[in-house]
Amino acid sequence: MFGSRGPRSPFPNQWRKLLALGLGLAVIGSLVAMGAGASAGVVDPDSNSSVSEEEYVEPAPEPGDPYFEAAANDGSWISYENPRDEYRNPYLGDGSGKVCVTLVNENGNIVAGESVPNTSVTIPTNNVTSWHSHADPMTVQFPLTDHYDRPLDGDQFGTSPDISQGDGYLDAHCIELHGNPEDATIEYGEAEISGEHADKINVAGYIQQIPEGDGWDTDIDPVTAAEPYAEAGGGWTYQTDASHGQVVAVLQLDAADGEPSDSDSSNSSASGANEPNNATNATDENEPDDDSPMPGFGALAALIALSVAVLARHRNRG
């Protein structure tokens with residue numbers, strides 16, 4: 001009797017161990033597969049940014065740089081070379097000024113318009129500026145980096161203890177006018193956005209200043225300081241003690257998280273309606289039915305059932 005039971009006693013224990021091991025591996029494998037499938041659908045936080053375009057950073061020229069123009073001895077102003085800086089011929093007086101455009105993202109950071117290609121802003125100016133090759137009207141194309149050797153040329157906003165005006169980073173695209181009579185009136189109209197992504201740019205407002213010896217006040221935030229067109233002024237008249245006037249049209253992107261514009265959404269719907277049936281079917285084949293079991297559990301259930309059947313069969317035979 002002992003001899004007949006002795007050789008059989010190890011097998012049930014081995015089968016139980018093997019079955020337990022197999023069952024454990026099946027569970028682990030199924031969980032890993034489910035985890036891998038879930039992680040593939042997780043959106044990278046970096047791809048879901050709250051801005052549609054990252055900040056464009058360009059340090060202002062320093063003394064010794066070819067684009068550094070001049071600075072006042074008393075620290076009241078600083079100037080940088082601008083290829084859109086022109087002098088009236090004939091020169092009629094000391095009336096000078098700027099018309100600028102600043103584009104910011106949803107967080108108020110300076111951008112170059114890389115996210116809005118084939119889009120432009122036009123600012124009408126009166127015939128007093130018609131001698132300037134970039135005025136009457138002024139048109140700025142985006143992205144700035146694709147259309148201009150000097151995309152930004154002014155440091156209009158921010159402060160720094162190291163320089164007299166601005167924070168040391170360029171933030172505006174400007175035209176500069178010199179040589180107008182001191183009693184001339186410069187006028188500008190409302191900014192008009194046109195082109196492929198016009199619906200992604202809002203006009204935040206306008207900032208107009210007529211400095212009286214102290215230069216442009218940069219200690220302001222472009223978005224919060226911007227005013228509606230009617231309140232900003234729409235222009236200025238030069239005076240002997242206020243011969244320099246400036247206006248900045250502040251534009252802000254409005255397409256956070258990569259949200260498609262209305263035109264993009266309609267185009268997508270239209271193209272979807274014209275897609276061949278096989279494309280739709282291919283998509284359906286990759287998606288589980290609403291009443292299908294959770295992916296991964298079918299294989300797990302089969303393995304469990306098989307393990308239980310084998311174990312039961314062995315016990316019956318024993």
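Is Tyr206 buried or exposed?

1. Tyr206 counts as buried, since its relative accessibility is 4%, where buried means under 20% relative accessible area, exposed over 50% and partly exposed in between, with a 1.4 Å probe and protein chains only. The model is predicted, so that local features need pLDDT of at least 70 and side-chain atom pairs count only at pLDDT 80 or more, whereas totals for chains, interfaces and linings use all residues. Residues are numbered from 1 along each chain as its sequence is written, and side-chain values use heavy atoms, with hydrogens and water left out.

2. The structure holds six aromatic pairs, a pair being rings of Phe, Tyr or Trp (its six-membered ring) with centres within 6.5 Å, counted as stacked if the planes are under 30 degrees apart, as edge-to-face if over 60 and as tilted otherwise. The rings of Tyr188 and Tyr206 form a tilted pair, because their centres are 6.2 Å apart and their planes stand at 35 degrees. This pair ties together parts that are 18 residues apart in sequence, because Tyr188 lies in the loop between strand 8 (185-187) and strand 9 (192-195) and Tyr206 in strand 10 (residues 201-209); strands here are DSSP runs (E, at least two residues), numbered from the N terminus.

3. Tyr188, which counts as buried at 3% relative accessibility, also forms a tilted aromatic pair with Trp236, at 6.4 Å centre to centre and with 50 degrees between the planes. That pair links distant parts of the chain, 48 residues apart, with Trp236 placed in strand 11 (residues 235-237). Trp236 is buried as well, with a relative accessible area of 3%, and one aromatic cluster is formed by Tyr188, Tyr206, Tyr229, Trp236 and Tyr238.

4. The largest pocket holds about 660 Å³ of space, where a pocket is an open set of points on a 1 Å grid over the protein atoms alone, fitting a 1.4 Å probe, with protein on both sides within 12 Å along at least five of seven lines, and lining residues have an atom within 4 Å of a point. Of the 30 residues that line this pocket, Trp77, Ile78, Ser79, His244 and Gln246 are the closest to its centre.

5. Strand 2 gives the most to the lining of the largest pocket, with three residues.

Conventions:
Points joined across faces, edges and corners; volume = space filled by probe spheres on them. Helix = DSSP H or I, 4+ residues; strand = E, 2+ residues; numbered from the N terminus.
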